[in-house]
Every structure is written in structure tokens, then in C-alpha cells.
Amino acid sequence: MTSNFRSLPVIALLTILSLPLVVMYAFTLVDSITDAEPGSLIPSEFTFHHWRFLWDDTTGRGSVWIATINTFIFAGSTAAIVCATSLTSAYALSRLNFPARRFFLAGVIILHAFPTITLIIAIFLILQFLGLFDTLIGVIMVKAALELPFGIWVMKGFYDTVPWEIEMAGVQDGASRFMVWRKLVLPQVQPGLSALLIFSFLSGWSEFILPLVLAPGSDAQVLSTYLAYFLLDDSLEVDFNLFKSVGLFYALPVILIYLAFQKKLMNIYGGGSKG
Amino acid sequence: MQLRLNSFTKTFDNLTVIDELNLTVESGEMMALLGPSGCGKSTTLFTICGIHRMNGGTLHFGDRDVSNLPSQKRNVGVVFQNYALYPHMNIRENIAFPLRVQKLDNATITRKVGEIAELVHIPELLDRRPAQLSGGQQQRVALARALVRQPDVLLLDEPLANLDAKLRLEMRSEIRRIQLETGITAILVTHDQVEAMSMCDRIALMKDGKIIQLSEPDQMYNDPVDTFVAGFLGNPPISFLDATVADGQFRVGDSGIAISDALQPKVHGQVQLGIRPEYFGPQFGIGLTGKISFVETQGREDLYNVTLPNGSILRSIQPAGRRLKLGETVNWGIASDHALAFTPEGTRI
């Protein structure tokens, strides 16, 4: 590869800037499988003791596996709802001429701009009223609703890049509007869809505030609240290495997903495929 | 199949784009809708295929009234300007799509796709994707897809606009060949008079939502109804001169041009003379004196602009090799039988 500037100084600068992060991540990994003398940074013994939460419910918070399954259900359902709804509503906003279309477009943007935390008390009351407080379904619905504006706008961007002649040609070829959408338009926005799917899954995976406030019990807890419990609960003896191990466990799927799908994630701001 | 538009009216938000338009395209005929942008030709096309709804009037395919049918039920094949091929399907699937919609069995689909690919000369491209094809090849695929389910009418929306000059020439004759071979009724929308004249049986020249003249290409060229038609057809374009009828002559400044016998009884007072470049030159004797103000070499022919003393410009097209210089004074004649006379308002006399 040729470049018009020397890369060595740039690499050096970036290395220095990112060093603190790298050191922290490195110690998270090292500390999770070792013990050190108090006050020392150098590990003195190797142990799996900090990963005991995987097989042993010593924390009093229930099994980590239940929390993991809950997190998968939470993130997965959120992603599914967001994608299914964005896919159809963005098509309508992009293509169909219906009353108050501009109002809906503007409304969606405003919703996106609203900080979640300002709504939390109202949502709390509504969930309580509906009897969905402290249930996974309640949090999923709230999370999906808050993620939707972003999803709709991303998908609308992808739909906007599909030439309308393709749809017209499909209609002329005798296909119904639904079939045109399903067979001709959907394949063209598919990169956007996969990006949105991953993106909203990760967003659900890392959500903390909503489960913390709306599902505080241990039945519906997800990994983020499970993890936070180690810090928030005064009655527990603070074990930082245990906390780091749980953190690593929590971050592992995210890292794997990023590694597997980084190309698709780049798509989300790239906007569709060109015919 | 004959296509009949009857007092067709189209409005967009209170703005009447097309008012009471009548048009009949005979079975097997290729008709051009020609006109400048914004004249309503594309609107007419999109109404025929059902993308736009009619605000008034009726549309018949043969005896069938299709005025209120949705696009899917009209059986119209359309070739769009940008071809609108489905980028995620290969060529075979693209062409087969209209048949898949009809849920035909695989054997029939394979046979029909093969036949149509043969007709448009693309059997070797069937496994490629649209992005891998040149503009001309994509055009052929679009034609094949439009024709594969044997539509009643074929509509072509500026099909050659996105092609380069050489391919345009090739596809012009190809589209015409395919239209003649299938015997399909076709409508071509274009703003290029050369396309319209070379490809079509008849031309409907449109302006501001009205058909100004509807006739065969050579008739439209030689016998235009007004200055708009005369100016729209022909390349290099016709030139117009203001003249006065006096002493049995068209007087232009100090010079005179003979009036043909046919025109003699009809003209008087002020007229506009339309003179095509091929009817002005030294081979027609002498008549008008002017200075050569522009020379364009076209290889086989040279195009000269001659500026008359009163400032009007006449164009003349001459066989190459005369080598006249800019600024030279010439005195050339006009083939008075071919001079077209118009009223000052532009109507043909």
C-alpha cells in the first residue's frame, strides 16, 4: 500500500493515545484469571476462582445462565420487533402517499431526540398500570419502542435509494404491490436490514437503565443488571476480580458479533446497494 | 391490438397537464410521442400503462375498456429509460419474472425465456447480472422482459436516452426490427426527432399537453402545420425569415424570392418563410445576398450560416469541398417550391 504520508508517526501517536484503554482491557482479562497481593499489580497466582459464578450461585442473585438467556431473549426480541416494524413503516414513509406523512416523519425524529431517562417515570407508571412491571415483556416493549425511530430512519434511507422504476417495472410485470416489495425491493435493502438487526441486538444487549428501573427483580434480570448488582449491593463483599470476570463474560458475545459482522455494520451509514 | 385514448384529461393538483387528448394507435403500428420536455408525452405514456390515473376520458385496448384497470391487469409491457432491471437477479430471472408472477410451470418459462432471448440476441448473457452488462445489452434485456408475456401494447420511455451515440444508432434499428418481427403495437416516447422519424410509422408531435400534428414522418417534415412543427423536425433546423408579399414576390430586404404557383393565391401581406438548409444554396441560382457567418464541417457535408443584411440567418447544407471562408459574401438562391409560408403568428399558409 502506498500512502502520501509516513505512517510510522501516526501509528506511534495512536498507540500512545489508545494505550490506557488497552492496558485496562488487558488487566481485565489478566485479573479475571489471577490473584495478586494487595497493592500489587503483578499477579501472583493463577485461579479460576473468579469465574465461579458460571457454575456456582454464590452471589445470591440467581444463576448467571438465567440472566444470559434473559438477555438473549431481551436483545433478540427487541431486534426482531424493531426490524419488522421498521421494515414496513419505513417503506410506507418512503414510498406511499398517505395523510399526515410529513407529520409522522417529523414525529419520528422528535421521538428519536428524546432522552430515555426523561420518560422513565411515565413508562414506569404505564407498565405498572398494565401489569407488565418487572416482566421481560414490558422491558422489551419499551426498549423496542425507543429503538424504533432510529430503525425507521435508517431503513427509510435505504428504501429511498431504490429506484422507483424498479417498482413500476414490477407492477407492469403483473406483480402485486406486496409481491413487488417482497421480491424486488426487500433484496435491495437487505444490507440495511442486517445492519439494523445486529445494531438493535447490540443496543438491547447493552441496555442497562430500562431493565434496572422497570424489571428490578431477579426473575427478569439481564446481564447488565446482574453485573451492576456486584457494585450496587452493599451487603456483598466487593470482589473486583469477580466483577471483571462477569464483565468479560458479558462483553464476549458483543465482541464476537462485531468480529463476525463488522462489514455489515459499516453498511448502516452507507445507504443501500446501487443497481 | 388497437389502442384508443378518448378525450383523455390529466390534472396534477388543479393543474391540467393534458386536456381532452384523443389518440388512436392502430394494431401493429409504432407511434412516436414526440415533444419537448414538459409537453405531457411521458404523462400520457404512464397513464396508458396505469401508473397515473386518468382524470377524464377512456382508454381502450381493442374492444376492452381498461380505463379503470390497475397496471397489473392491463397487459402492457414497458421499457423504462434506465431499464429498471432487477439488480439482485440474473438476466434469466429478470426475464422470467413476469412469467413467475403468472405462476407458469418451469418448462414453459424456460422455453419462453429462451425464445425471447433468441429474438433480442442475448442468449449468451442469461446467467449474468445486470451490473455486468453494457447499456445496449441492458436495453435488450429490458425489451425481452417487457415482451416475454406477449403484452397487448409495448411502451418505450426514452429507451435510447442513456446510450452513447453509436449504440443508439444500433438499438434504433434493433428496436424497430423486434417491433416488426413481433408485430406488436408500440408507443415510443422521445424528445429526439431523429429517433421518432427513423423508428416510427407515425409521429404525434405534442406541445403543452396537446397533439399539434399527427402524421407520417416524411409528411410531417415536408408539410408541417405550423412553425413549431417545422422547427422541431430537421437537423440542422429550418430557418425562418420575415418577408413581405409584393410584386408577386416574397420581399426580404432588397431581394426577392419567387412565390411558387401553389402559394401564389394564398399569401399576402406579412409572412414568415421557413427554409430548410437543403433548399438554400448556389444550386438554386441566385436570390439572397449575405455573408457567411459560421461554417461547420461535418465530413460528408458542410453547414453554412449566412447572415442577411437585415440580420436574419439562413442555414445551408452543401456537399463538402467548397471551402468557403468565414466573412465571404455569397448570393444564393432558394428552391421556391419547397419554401414553407407561415402567418406571422406561425400557422402554416
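## Exercises on a predicted model

Both Phe280(B) and Trp332(B) are buried. The model is a predicted one. Work through the tasks below with the structure open.

**Exercise 1.** Classify the aromatic pair formed by Phe280(B) and Trp332(B), and say which parts of chain B it links.

*Solution.*
- Step 1. Start with the total: over all chains, there are 22 aromatic pairs.
- Step 2. Take the pair of Phe280(B) and Trp332(B). The centres are 5.6 Å apart, and the planes make an angle of 65°.
- Step 3. Apply the cut-off. Planes over 60 degrees apart count as edge-to-face, so the pair of Phe280(B) and Trp332(B) is edge-to-face.
- Step 4. Place the residues. Phe280(B) belongs to strand S15 (residues 280-281) of chain B, and Trp332(B) to strand S19 (residues 329-334). They are 52 residues apart, so the pair links distant parts of the chain.

**Exercise 2.** Which residues of chain A do ring pairs link into a cluster?

*Solution.* Find Trp51(A), Phe53(A), Trp65(A) and Phe249(A). Ring pairs join these four residues, Trp51(A), Phe53(A), Trp65(A) and Phe249(A), into a cluster.

**Exercise 3.** Find the rings under Arg145(B) and Arg276(B).

*Solution.*
- Step 1. Arg145(B) has its charged end over the ring of Tyr86(B), 4.3 Å from the ring's centre.
- Step 2. Arg276(B) lies over the face of Tyr221(B), and the distance to the ring centre is 3.9 Å.

**Exercise 4.** Asp134(A) and Gln150(B) have positive phi values. Is each one buried, partly exposed or exposed?

*Solution.*
- Step 1. Asp134(A) is not a glycine, yet its phi is near 65°. Its place is the loop between helix H4 (116-130) and helix H5 (136-160) of chain A.
- Step 2. The relative accessible area of Asp134(A) is 32%, so this residue is partly exposed.
- Step 3. Gln150(B), also not a glycine, has a phi of about 50°. It sits in the loop between helix H4 (135-147) and strand S7 (153-157) of chain B.
- Step 4. Exposed means over 50%. Gln150(B) reaches 58%, so it is exposed.

**Exercise 5.** Locate the cis peptide bond between Asn235(B) and Pro236(B).

*Solution.* Omega for this bond is about 0°. Pro236(B) lies in the loop between helix H8 (227-232) and strand S11 (239-246) of chain B.

**Exercise 6.** What is the helix content of residues 7-27 and 136-155 of chain A?

*Solution.*
- Step 1. An unreviewed UniProt entry annotates several stretches of chain A as "transmembrane region", including residues 7-27 and 136-155.
- Step 2. Residues 7-27 are 100% helix and 0% strand, with end C-alpha atoms 29 Å apart.
- Step 3. Residues 136-155 are 100% helix and 0% strand, with end C-alpha atoms 27 Å apart.

Note on methods: Residues numbered from 1 in each chain as written. Chains lettered and ligands numbered in written order. Predicted model: local features only at pLDDT ≥ 70, side-chain atom pairs only at ≥ 80, totals over all residues. Heavy atoms only, no water. Phe/Tyr/Trp six-rings, centres within 6.5 Å; stacked < 30°, edge-to-face > 60°. Helix = DSSP H or I, 4+ residues; strand = E, 2+ residues; numbered from the N terminus. Buried < 20%, exposed > 50% of the residue type's maximum accessible area, 1.4 Å probe, protein only. Lys NZ or Arg CZ within 6 Å of the ring centre and 35° of its normal. UniProt positions renumbered as here; feature names shortened; annotations may be inferred.
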